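Morning, everyone. I have one structure to show you. Please take a look at the screen.

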Amino acid sequence: MEIKKPAVAGTLESSDLMVTVEPGSNGIELAISSSVMNQYGRQIKNTVLETLDRLEVRQAKVTVVDKGALDCTIKARVECAVFRSCDQSQKNIPWGGAIV
């Protein structure tokens with residue numbers, strides 16, 4: 001999928017995260033800020049990158065502000081932000097189908 005415009009998904013509440021995606025031109029540029037970075041930073045990064053790969057996103061600037069979200073929440077927020085950025089959030093959303 002091609003990121004067409006900036007989009008955001010999520011909140012800054014405890015156990016959630018906010019994901020921002022923007023068009024990019026140098027592959028995936030990922031910035032992560034997390035209250036549990038020392039313990040789970042590598043897992044957060046892997047989950048975000050795997051989700052982007054499954055959605056076939058190759059060029060994007062992605063910013064993640066994590067407040068202790070579980071992997072399933074990370075996947076859902078990344079998926080939602082990508083769909084919003086591609087104007088697919090209005091109809092025919094393959095929720096869950098793209099992420100197995």
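Predicted model: local features only at pLDDT ≥ 70, side-chain atom pairs only at ≥ 80, totals over all residues.

Four strands form an open sheet, in the order β1-β2-β4-β3. The pairing is mixed. As a reminder, strands of a sheet pair through backbone hydrogen bonds, either parallel or antiparallel. The edges are β1 and β3, residues 28–34, and each of these pairs on one side only. On average, neighbouring strands are turned by 10 degrees against each other, direction ignored.

Now look at β2 and β4. These two pair in the antiparallel sense, over six bridges.

Next, the helices. Where does α1 pack? Helix α1 packs on the sheet, touching β3 and β4. The direction of α1 makes about 145 degrees with that of β3. Helix α2, residues 71–85, lies across β1 and β2. Against β1, α2 runs at about 155 degrees.

Last, backbone angles. Most residues other than glycine have a negative phi. Two residues here go the other way. Serine 15 has a positive phi, near 70 degrees. You will find serine 15 in the loop between β1 and β2. Glutamate 56 also has a positive phi, near 60 degrees. That residue, glutamate 56, is in the loop between α1 and β4.

Are they buried or exposed? Serine 15 has 47% relative accessibility, so it counts as partly exposed. Glutamate 56 has a relative accessible area of 53%, so it is exposed; the cut-off for exposed is over 50%.

Key: Residues numbered from 1 in each chain as written. Heavy atoms only, no water. Buried < 20%, exposed > 50% of the residue type's maximum accessible area, 1.4 Å probe, protein only. Pairing = 2+ DSSP bridges. Axes fitted to C-alpha atoms, helices over the stretch in contact; angles between N-to-C directions. Contact = heavy atoms within 4.5 Å.
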